[in-house]
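Here is a friendly briefing to read alongside the structure.

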Amino acid sequence: MAAAAAALSPFLYLDPSQRQHFHIHLNPTKTPPFLSSRNPLLSLQRLHQCNCRCSFPSSSPNSVTPSQYYSFLDDPFRGSRFLSNEELEKLKALESFVYLQELESGSLWVRVMRNEEMDLTAGLLAESFAESMLMPLGYGALLRFLVKQYLIERRAVMPHAVTLVGFYRDKGGEKGNELAGTVEVCFDKRGANASPPTPIPPKNSPYICNMTVTKQLRRRGIGWHLLKASEELLFQMASTKEVYLHCRMIDEAPFNMYIKAGYNVVQTDSVLILLTLQRRKHLMCKKLPVYNSLYESDMSESGEELLS
């Protein structure tokens with residue numbers, strides 16, 4: 001199992017034993033009453049009871065070239081809620097955030113996901129999740145639909161939580177800018193997910209989840225730098241410096257990467273969680289150091305073999 005796919009958050013987790021073949025056509029512009037992007041696992045369980053198959057029009061991923069300027073105030077998914085002056089300042093900080101890193105094989109930059117990149121990001125998350133669970137192809141379209149609905153909902157809570165995307169360009173520049181990976185970062189209680197996985201992290205603490213790397217770009221250190229970019233952003237945006245994340249017990253490579261990055265296990269799921277058809281998970285925590293260059297790291301120490 002690839003490390004990046006395995007690192008996908010339990011928010012979108014489904015045990016392989018729950019896989020089922022479905023046969024129903026759904027309109028992706030309207031969510032059926034039994035589908036919920038807030039709890040994809042519950043949605044799939046209800047579909048399981050219906051004994052049906054879902055299929056949606058497949059999306060065609062294209063290479064995305066980031067533009068120089070983007071305003072999240074103009075984002076159609078932001079919602080119409082009133083933003084305080086503090087929230088407006090944080091939104092501006094998110095607009096200008098960029099994490100740059102030169103890798104052996106090319107360049108990586110990480111920034112906040114934009115509206116036009118949502119389908120591409122949802123496709124990457126769905127593909128990685130399906131791969132990690134060895135799901136049949138029929139599940140891919142359903143997962144893309146559910147993940148996109150989830151991304152839309154999370155988009156509405158900005159600037160309290162945000163989805164980051166990483167773009168990669170090889171040194172030859174032959175392939176242009178490719179979507180290399182994604183990760184979600186929650187800054188505070190208002191950005192916390194309504195149904196967090198167990199063990200439950202403190203709602204008022206920063207939280208990192210849903211990290212994955214494009215399959216053909218793995219083992220280049222991109223996963224490590226998605227983590228470092230998240231920490232750099234948290235250092236700028238969050239008032240609390242203790243950051244949490246989950247890691248499934250079976251995912252040895254991501255676990256070793258988190259340990260290398262300074263995370264420690266603070267709690268582990270009880271064996272009773274297996275009765276709910278979920279994998280056991282570690283809740284891990286790191287206290288961010290108080291200095292400016294959080295992302296400074298020696299790639300030789302980071303352990304390339306651990307990075308997705």
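Predicted model: local features only at pLDDT ≥ 70, side-chain atom pairs only at ≥ 80, totals over all residues.

**The protein as a whole**

- The secondary structure comes to eight helices and ten strands.
- Of the 308 residues in the protein, 55% are buried.
- Take the contacts between residues at least 6 apart in sequence: 77% of them join residues at least 24 apart.
- The accessible surface is about 14300 Å², and carbon and sulfur atoms account for 52% of it.

**Backbone features worth a look**

- Arginine 219 also has a positive phi, about 65°, although it is not a glycine.
- This arginine 219 sits in the loop between β7 and α6 (222-237), and it counts as exposed because its relative accessibility is 54%, where the cut-off is over 50%.
- Methionine 158 and proline 159 are joined by a cis peptide bond with omega of about 10°; proline 159 belongs to the loop between α5 (138-155) and β5 (161-170).
- Another cis peptide bond runs from threonine 198 to proline 199, with omega near -10°, and proline 199 lies in the loop between β6 (178-186) and β7 (207-213).

- Is glutamate 184 buried or exposed? With a relative accessible area of 2%, glutamate 184 is buried, because the cut-off for that class is under 20%.
- Glutamate 184 has its place in strand β6.
- The side chain of glutamate 184 makes a polar contact of 2.9 Å with the side chain of tyrosine 150, and a polar contact of 3.1 Å joins it to the side chain of asparagine 210.
- Setting aside neighbours within four places in sequence, the residues in contact with glutamate 184 are Tyr150, Arg154, Val162, Thr163, Tyr207, Ile208, Cys209 and Asn210.
- Valine 112 is 72 residues away from glutamate 184 along the chain, while their C-alpha atoms are separated by 9.5 Å.

**Helix α7 and what follows**

- Within helix α7 (residues 252-260), the residues Pro254, Met257 and Tyr258 are buried.
- Why do the buried residues of α7 line one face of the helix? Seen down the helix axis, they fall within an arc of 100°, so they line one face.
- Glycine 262 follows α7 and has a positive phi, near 105°.

**Nonpolar cores**

- How many residues does the largest nonpolar core have? It has 40 residues, and those with the most contacts inside it are Leu94, Val162, Leu164, Ile222, Tyr258 and Tyr263.
- At least two residues of this core come from each of α3 (85-96), β4 (106-112), β5, β6, β7, α6, β8 (242-248) and α7.
- Helix α6 supplies the largest share of this core, eight residues.
- Another core, of 13 residues, lies apart from the largest one; Met113, Met118, Leu120 and Tyr150 are among its members.

Methods
Residues numbered from 1 in each chain as written. Heavy atoms only, no water. Helix = DSSP H or I, 4+ residues; strand = E, 2+ residues; numbered from the N terminus. Buried < 20%, exposed > 50% of the residue type's maximum accessible area, 1.4 Å probe, protein only. Arc of directions from axis to C-beta. Contact = heavy atoms within 4.5 Å. Polar contact = N/O pair within 3.5 Å; in protein donor to acceptor, adjacent residues only side chain to side chain. Core = buried A, V, L, I, M, F, W, Y, C linked by side-chain atoms within 4.5 Å. Areas by Shrake-Rupley, 256 points an atom, 1.4 Å probe, with all protein chains shown as cover.
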